Each structure stands twice: as C-alpha cells, then as structure tokens.
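Open the model in your viewer and keep the selection panel at hand. The stops below say what to select next and what is there.

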Amino acid sequence: MMMELLLGAGLLAFLGLIFGAGLYVASKKFAVDIDPRIEKIEEALPGANCGACGFPGCSGLAAAIVHGGADVTTCPAGGSAAYKKIAEIMGVGVVERPAEKAVVHCAGREVDTRFNYTGPADCGSAALIQDGPKACRFGCLGFGDCAAACPFGAIGMMGAFPRVDEAKCTGCGRCVESCPRGLIAVRPASKSVRVLCKSRDRGKAVSSVCKAGCIACKRCEKVCKFGAMRVVDNLAAIDYAKCTQCGECVKECPTGSIIDARAPRGTDVEPVKAASAGEVPA
Amino acid sequence: LTRKTFKGGVHPPDNKASSRGAAIEDAPVPDLVVVTMGQHLGAPAKPVVAVGDGVKRGQVIGEAAGFISSNVHSPVSGRVVRVEPAPHPLGKPVTAVAIENDRADAAVDGYGLPVRWEGMSAGEICAKILAMGVVGMGGATFPTHVKLAPPKDRPPIDTVVINGAECEPYLTSDFRLMVENPGGIVEGLRIILKATGAPRALVGIEANKPEAIEALARAASGLSGVSVEEVPVRYPQGGEKQLIKTLLGREVPSGGLPLDVGVVVQNVGTACAIADAVAWGRPLTDRIVTVAGAVERPANYRTRIGVPAGALLERSNLKPSARKIIFGGPMMGLAQYTSEVAVTKSTSGILALDEVDSSPARGCIRCGKCVEGCPSGLVPSMLSVLGEAGRFIQMGEWDAADCIECGVCAYVCPAKRPIVHYIKRGKEALRQARAKGAAK
C-alpha cells in the first residue's frame with residue numbers, strides 16, 4: 001500500500017521535473033523579445049480599439065510607435081494626456097496636437113417626412129430609399145448610425161437627433177464615416193463658430209422644408225470683416241484660418257444656422273457643459 | 001414533360017388577368033414633359049439644350065457622358081422651359097429637361113424613314129444604337145451598344161437570347177408588345193444577330209403566354225437559327241442569368257456576366273427599340289407601360305418618356321383606396337413618394353396598391369425558406385443577419401454582390417424581414433469601401 005503511493009508520488013515528481021526542465025529550456029531558447037514599452041504604451045492608449053489611427057487596434061498602434069516610427073500623437077482619440085505619457089515612455093519631446101471634437105452639421109430637428117419609411121431602422125438603409133424619408137435630402141435622418149458607431153458613447157440621440165457630448169468625444173472620427181449624409185466633421189474644439197447645415201439647395205427650397213437651414217442669403221459673407229465667410233454652392237462655409245470667432249455672422253444669420261458652440265442656443269437644447277464665457281446671441 | 005429550369009424561385013400570384021387583354025393604347029401627351037437625363041444605368045447624359053431653345057421630336061437633348069451612358073432625345077416638339085433637378089424613380093433628383101409641348105409633333109429629319117441596315121457593319125450598328133439612345137428596357141437600362149460590343153478577350157457570342165419571360169406579377173407590357181408587334185421584335189433580333197455575329201437565337205417566353213409564343217413563332221418562322229421556346233412559369237424566370245440556365249443549361253459564374261458564357265440577353269422591348277432606331281430612324285422616346293392594381297381601368301399605354309406618373313394613373317382612374325405607387329412590378333419595383341415622377345425608358349409598369357403589409361420585421365428564425373428560394377444560390381438569411389449587424393465586409397464574403405435583388409427571399413420570409421433592403425445596404429457599403437480603397 002505504502003509502496004504504491006510512494007511510487008506514484010515519485011513518478012509524478014520525476015515527470016514534473018523533466019517537463020519543468022523542458023519548459024525552462026524552451027522559454028530561454030524560443031524567447032521572443034518584446035519591447036516592454038509596447039505594453040506600457042498600450043496601457044496609455046484609450047483601449048477602445050476604434051481603429052481611427054489606421055492600425056489594427058491599440059496594440060497595433062503601440063507596436064507601430066515603438067518599431068514602425070509612428071508618431072506619438074497618432075492616436076486621434078488619445079488627447080494630450082496620452083500623448084505626454086507616450087512621449088515619456090518613448091523618451092521624445094511631445095508636439096501638442098489640438099483637441100478635436102465631432103460636430104454634426106445639421107440643425108434640422110423639425111423637418112417633415114415625405115413618406116412613411118418602414119425599412120430597417122438605420123440611416124444607411126433609410127438613405128437608400130428615395131434619398132431618405134426626410135423632406136431635406138441633405139439633413140440628418142435621425143436613426144443614430146453615428147451613436148451606434150461611437151466607441152466612446154459620446155453621441156446620444158435626443159428626440160431622433162444626435163448630440164455630441166464633448167466631454168466624452170475624443171475626435172476619433174468613427175462617426176464621420178458612419179453618416180450616409182456626410183454631416184459629421186471632426187473640428188478643432190477651439191473653433192466654436194460653425195455652420196450647422198449641409199444643404200446645397202437654393203434658399204427657397206431650403207426654407208420650404210427647414211427653418212434652421214442655410215438659405216445662402218450671403219449676409220454672413222457681407223458682415224464678416226476678415227473674409228472668412230464664403231457662400232459656395234448655396235452653402236455658407238467658414239475658412240478657419242481667417243475666422244477670429246468674433247461672432248458677427250452668428251448674430252447676422254437670419255435662420256440661426258451659424259452658431260457659436262460656446263453660447264447656449266435654442267430652447268430644447270441644453271448645452272452639454274455649462275457654457276463658459278461668451279455672449280448669448282439675440 | 002417539364003423543362004429543367006433554374007434552382008429556387010417562387011410562384012407568386014401573377015395578377016396579370018386585369019390588364020393582359022388591354023390592347024396597347026396611345027396615352028395623350030401632356031403640355032409639359034420632364035425628361036430626366038438619368039434614363040440609363042451609368043453616368044446621366046449631359047444636357048445639350050438651354051432654356052428657351054426650340055426642340056423637335058427626336059432631337060438629342062442629352063449626350064452620353066462616358067462609356068456606360070447613352071443619348072437622350074426629346075419626346076415632343078416644343079420649347080425648353082427648365083433644365084434643373086427633378087424627381088427620379090430611383091430617388092435622388094437628377095437633372096431633367098422640361099419641354100413645353102407645342103403639339104405640332106414636328107420631328108427631326110429622317111425620323112420614321114426606313115433605312116437599309118443590312119449593309120451596315122457591326123460597329124456602325126452599335127454607333128447607331130448609341131446615337132438613338134437605346135438602353136435595356138427590361139428594367140436595368142444597361143446601355144445596349146455596350147452590351148452588343150463585348151471586349152475582345154471574352155469568348156465569342158454563340159447565342160442571342162430574347163427575353164420575353166415577363167415573370168413580374170401584374171406587368172403585361174412585354175406580353176402586349178409580343179402579341180401586337182412581333183414583327184418589330186423579330187426585325188430587332190435580326191439586327192442584334194448581325195451586330196453580334198451570333199449564329200443562333202432563342203426567344204424565351206413563359207408558358208402562361210401562349211398567344212405571345214404563337215405570335216413570335218409565326219413572325220420568326222422564316223428565320224434560320226431562331227427558335228421560340230416555352231419556359232416554365234416561375235419567378236424570376238426573366239432574370240437574364242436564370243433564363244440562360246433554363247434555355248441553355250449554362251451557369252453564369254459568380255461575379256460574371258452572360259458574356260462569360262457566350263450569350264447576350266435582350267428584352268423584347270429592347271429588340272423592338274433597336275428595330276425602331278436602326279431600321280426606322282426613330283430614337284427611343286416612348287415605351288409600353290402597364291398601369292394596374294388599384295385602378296378602375298387597368299391598361300397598357302404607349303407613352304412618351306417624361307410623362308408624369310400622375311397623368312397615366314388619372315387616365316386609368318386611380319382608386320381613392322390606393323396607398324402605394326410603385327414603378328415596376330411588386331417584386332422588384334420601387335415605391336414612389338410623388339406622382340410627379342416621370343416615365344423613363346425603364347418604366348415597365350406603374351402599379352397602385354391598396355393593401356400594404358406593414359407588419360413589423362422580426363428576428364430571423366433560420367427556417368431556410370429564403371435559402372431554398374434564392375435563384376442565385378446565396379444564403380439570404382445569413383446576409384440579412386450580417387446586414388442588420390452592420391458587418392458589410394462579411395456580407396461580401398457571403399457573395400452579396402451576386403444578389404440580383406429579385407425579392408424572392410423577402411417574399412417568402414415568414415418573419416417579414418426586409419432581406420433585400422439589408423443586402424442593398426451591404427452592397428452600397430461595399431461599393432463605397434471599394435471606391436475608397438481605389439482612391440487611396
């Protein structure tokens with residue numbers, strides 16, 4: 001009895017020793033050198049694997065930063081805190097990259113529908129049917145493809161209209177691709193004067209379907225002292241290189257399609273964060 | 001003895017009884033026609049007239065813009081009053097030329113005069129077809145001159161197939177054309193044979209149209225190498241790949257075209273339009289349109305392009321109970337939101353429906369009915385689930401591009417899933433991804 005137990009235990013201990021020795025040799029002989037910085041950088045990255053950088057996930061980017069010479073500010077979602085950490089790990093000086101936020105260029109909350117759409121409830125599918133059920137063929141379809149695409153939960157749907165929570169938005173740009181109307185752009189957060197319309201229809205056509213759209217009246221063009229406003233293709237466009245954010249165009253715009261994001265606007269929209277400085281447009 | 005046919009398909013109620021007896025009648029031409037430049041697959045034509053210009057019937061008002069494109073001609077004589085975007089059956093507004101009809105119907109020189117085409121070369125025939133704006137009239141409106149001039153690296157065309165299947169429910173426009181003008185179709189077929197150099201032709205007509213089979217067999221009796229074939233009634237028999245399988249037993253490869261198996265398929269309406277264009281100098285400016293469904297008087301109209309749908313529906317006395325207007329048939333047609341949208345070269349029918357099933361779609365129960373029914377041998381259930389989840393790249397791996405959008409899967413689905421819609425969405429996403437990849 002005793003003998004069998006001892007034999008079993010001894011045999012197992014012996015086998016364990018052999019396998020242990022084998023594993024030890026293998027771990028030394030076949031060891032892959034992993035740069036410890038990759039793991040550290042991966043920790044510093046947001047970890048959403050959003051793919052906005054163009055590399056396969058955060059670990060892919062981390063490896064590219066260490067071995068492939070990718071810039072430490074490649075991650076659009078990272079923000080300055082992450083860039084600083086990564087630069088520290090890599091031992092290089094960091095170049096500041098201004099924070100960027102997603103902006104939905106449509107304010108048409110109250111646009112009529114042209115027909116009763118009963119297909120799949122996503123913007124991409126709705127846009128395929130007769131150019132979408134909304135009376136405005138440029139405006140937001142309101143099914144929330146952008147909200148579904150956001151890896152950071154920064155876009156919420158309020159009354160079938162997307163709302164970007166700038167505190168959560170990292171500017172990764174996933175929503176930009178998701179919008180079949182091309183309404184979303186990622187803009188430097190500091191540029192707060194924006195044209196919230198993408199309609200290239202003539203003014204009369206716009207005002208017949210939407211009260212908040214750009215009617216190409218060119219009043220912004222005339223009032224701008226810096227030549228930053230241009231109406232191209234029936235749509236006001238801001239040249240941010242020239243814009244000083246003086247807010248004159250915001251005051252002048254008769255439909256309110258030019259806004260200053262620093263100021264609270266509308267009745268049904270609560271600003272995401274309490275508005276900082278800045279005048280309230282009349 | 002039943003003939004072997006394609007795999008899959010369905011037998012929806014054909015609902016053709018109400019209009020199959022209605023002889024083709026000329027629809028009145030309204031005072032204003034709106035002719036869209038998007039009359040064909042590919043790039044819309046470039047308008048070559050300006051507001052205020054006088055135009056004659058058959059005058060070129062839009063020129064082909066690119067290789068896959070075609071000319072557009074004025075259906076009336078009169079004056080151009082607008083050149084601007086107008087509603088289009090496919091949805092996106094497209095530039096259209098609005099012409100005020102002066103009711104003189106003054107035509108361009110040579111219009112309707114017989115031409116001796118027998119001496120023309122294949123290249124001359126194709127050039128004529130392009131100049132006359134002939135496109136596929138079965139629905140897809142692929143420019144005919146491109147189809148008849150295959151690239152040199154393809155196998156030679158050994159068979160021309162004339163498609164008279166007309167498998168869509170309700171539609172009887174091709175049927176009436178076959179019964180009333182088989183001579184025109186046969187003349188068009190002779191021109192196609194000349195242009196392609198093919199030694200033989202098969203005319204495929206579904207077995208529920210015996211009058212058409214008889215009429216065409218009689219008209220083609222003197223021609224060697226041409227035979228009129230009865231094909232089984234089964235939707236979508238009129239899909240060109242399905243008809244090739246039925247008539248010749250050949251399988252068009254995945255991602256391929258009929259050209260890859262040495263076949264060119266032309267609809268009966270296209271054949272007739274080719275005869276008109278090449279042998280009679282008449283550009284394509286009219287077509288037969290079935291108006292059926294929730295109307296008091298179902299009819300087959302010969303109507304000019306650019307006539308608003310509302311005018312035809314009014315003439316057929318649209319019932320107040322109508323709730324949906326469809327361009328095309330109930331299986332593949334597109335619902336319209338305005339009756340302002342005008343007839344194009346592809347409008348085989350205008351259908352009013354009073355019953356609209358709007359029960360909500362549910363989850364896929366994996367019953368496999370769509371898999372049995374798919375004539376392209378796809379797995380629509382998988383494609384719909386992937387589409388719902390937005391996994392478009394995987395849809396490409398499941399061969400979404402081979403879907404012919406016939407609608408069988410959505411028709412048989414007990415969960416009422418909009419499967420074709422999901423697949424169209426996936427195809428669109430794949431197209432965009434490809435365009436983006438090509439741009440990089």
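Select B:Arg304. Setting aside neighbours within four places in sequence, B:Arg304 is in contact with B:Val29, B:Arg57, B:Pro75, B:Val76, B:Asp105, B:Thr285, B:Asp286 and B:Val343. Contact means heavy atoms within 4.5 Å. B:Arg304 sits in strand E14 (residues 299-304) of chain B. Helices (H or I, at least four residues) and strands (E, at least two) are DSSP runs, numbered from the N terminus. Is B:Arg304 buried or exposed? B:Arg304 is buried, because its relative accessible area is 13%. The cut-offs are under 20% relative accessible area for buried, over 50% for exposed, and partly exposed in between (1.4 Å probe, protein chains only). The C-alpha atoms of B:Arg304 and B:Met120 are separated by 29 Å, and the two residues are 184 apart along the chain.

A word on conventions. This is a predicted model, in which local features need pLDDT of at least 70 and side-chain atom pairs count only at pLDDT 80 or more, while totals for chains, interfaces and linings use all residues. Residues are numbered from 1 along each chain as its sequence is written, chains are lettered from A and ligands numbered from 1 in the order in which they are written, and side-chain values use heavy atoms, with hydrogens and water left out.

**The cores of chain B**

Next, select B:Leu148, B:Val160, B:Ile162, B:Ile185, B:Leu189, B:Ile274 and B:Val278. Of the 44 residues in the largest nonpolar core, these touch the most other members. A nonpolar core is a set of buried Ala, Val, Leu, Ile, Met, Phe, Trp, Tyr and Cys residues joined through side-chain atoms within 4.5 Å. Colour its suppliers in chain B: helix H2 (122-131), strand E9 (159-164), helix H4 (173-180), helix H5 (182-196), strand E10 (200-206), helix H6 (210-219) and helix H8 (268-280) each supply at least two residues of this core. Which element gives the most? H8(B) does, with eight residues.

Zoom in on B:Ile162. Not counting residues up to four places away in sequence, B:Ile162 touches B:Ile185, B:Leu189, B:Ile192, B:Leu202, B:Val203, B:Gly204, B:Leu243, B:Gln266, B:Val268 and B:Ala271. Then move to a second, separate core of 31 residues, which includes B:Val72, B:Val76, B:Val307 and B:Leu313. In soluble globular proteins, nonpolar side chains tend to be buried together.

**Two loops of chain B**

Select B:Ser348, in the loop between strand E16 (334-336) and strand E17 (349-353) of chain B. B:Ser348 counts as buried, because its relative accessibility is 11%. Show its partners: B:Leu171, B:Ser173, B:Arg287, B:Ile288, B:Val289, B:Thr290 and B:Gly328, not counting residues up to four places away in sequence.

Go to B:Gly255, in the loop between helix H7 (240-248) and strand E12 (263-267) of chain B. B:Gly255 is exposed, with a relative accessible area of 68%. Pick B:Val356 as well: B:Gly255 and B:Val356 are 101 residues apart in sequence and 34 Å apart in space, C-alpha to C-alpha.

**Chain B as a whole**

Zoom out. Chain B has 14 helices and 17 strands. Its radius of gyration is 21 Å, close to the 22 Å that the globule rule gives for 440 residues, so chain B is as compact as a globular protein of that length. The radius is taken over C-alpha atoms, and the globule rule is 2.2 Å times the number of residues to the power 0.38. The C-alpha atoms of chain B fill a box of roughly 60 × 55 × 50 Å along the principal axes. Of its 440 residues, 52% count as buried.

**Chain A**

Switch to chain A, with ten helices and eight strands. The radius of gyration of chain A is 27 Å, well over the 19 Å that the globule rule gives for 282 residues, so chain A is more spread out than a compact globule. Its C-alpha atoms fill a box of roughly 100 × 50 × 30 Å, taken along the principal axes. Buried residues make up 40% of the 282 residues in chain A.

Last stop: A:Thr170, in the loop between strand E3 (162-164) and helix H7 (174-178) of chain A. A:Thr170 is buried, with a relative accessible area of 19%. Leaving aside neighbours within four places in sequence, A:Thr170 is in contact with A:Pro76, A:Ala77, A:Glu100 and A:Phe152.
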